[in-house]
Amino acid sequence: MGTLIQSLPDLPVFFSFFFFIYLLAQFLVFRNWSPNVRPEASSCLISLFHGTPAVFLASYAIIIDPNRGFSSPNTAIQAAVLDYSVAYFLMDLIHYLIFFPSDVLFIGHHLATLFVFLTCRYVVYHGAYAILSLLVLAEVTSFCQNLWTLAGARRTDAKFAAKVYGFLSPPFYAFYSLVRGLLGPYFVYRMGEFYISGVADSVIPKWVWVSWMIVVITAISVSILWITNLWVELYRERKGKFEKKLR
C-alpha cells in the first residue's frame, strides 16, 4: 500500500500531460481539419508523444537494471515508465469512448493493455522487464504508423498527403511485419517458456502471467491479421494501377 500511495502522483501528472496535448491537438494543431478526421488526428498526436519516448524510456529502464529478467522486481524507473504508458492509454481510451464508442476492437485492446500494465505495476510489482520489452516492440513502429495514419486521413483531399501515404506504406508495412511477425512472436515464445516452467510463480501468480500471455498473443495475432490485410490491399491497388497503364 505504501508503494501505491507513494507513486500515485505520477499518474495525474502524466495524465494531465496527455490531456493537455490532446486539447492542443483538437483546438490548435488540427483546428482547420475536417471534424470527421480531427479526433483521429488528435489521437495520433498523443500517440506520437507516447510511442517514441516510451521506446527510449523503456529501453533505458531495462538496460540499467543489472537484475533484469522475466521475474525480476520492478525498479523505480521501470514503474515510472509503466505509469507513463498507463496515463496515455487511459487518455486514448477516453477518446475512443467519446468519439468511437462502437470501436470494440480498440477499446478492448486498450482495456486489456491497461490490465497488463496495472497488474505488473500495482499488483505483483515484478515482470516489468517482460512488459516493457513488449512495449518497446509495440511502440517502435508507432512514429511511422502515426505519420502514415495522419497522411491517410487527408489523402482524399490533399495530394501531398496522398503522396506521403503512398511513399510510407511499403516501408511501414515491411517494418511492422518484421517487428510484429518475427521479433514479437520470438520474444513472446521466450516469455511463455520461462513462465510455464513455474520458476516465477512465487512472485508472479499463475493467473497473472497466463492473463498476460493471452492478452499478448491475442494482440500479436490481430496485428498480424491487420498488416496482412494491408499488404493485400496494397497489392491490389498497385496491380490495378499497373493494369490501367497497360490499357
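What is the mean pLDDT of the chain? The mean is 92, and 94% of residues reach 70 or more; pLDDT is the predictor's confidence in each residue, from 0 to 100. This is a predicted model: local features need pLDDT of at least 70, side-chain atom pairs count only at pLDDT 80 or more, and totals for chains, interfaces and linings use all residues. Residues are numbered from 1 along each chain as its sequence is written, and side-chain values use heavy atoms, with hydrogens and water left out.

**View 1. Confidence by element.** Helix 1 (residues 2-7) has the lowest mean pLDDT among the elements, 49. Helix 6 has the highest, 97. Helices are DSSP runs (H or I, at least four residues), numbered from the N terminus; strands are E runs of at least two.

**View 2. Two annotated spans.** An unreviewed UniProt entry lists residues 130-151 and 172-189 among its "transmembrane region" features. Such annotations may be inferred rather than shown by experiment. Residues 130-151 are 91% helix and 0% strand, with end C-alpha atoms 33 Å apart. Residues 172-189 are 100% helix and 0% strand; here the end C-alpha atoms are 24 Å apart.

View 3. Ser85 is found in helix 4. Is Ser85 buried or exposed? Its relative accessible area is 0%, so Ser85 counts as buried (under 20%; exposed is over 50%, partly exposed in between; 1.4 Å probe, protein chains only).
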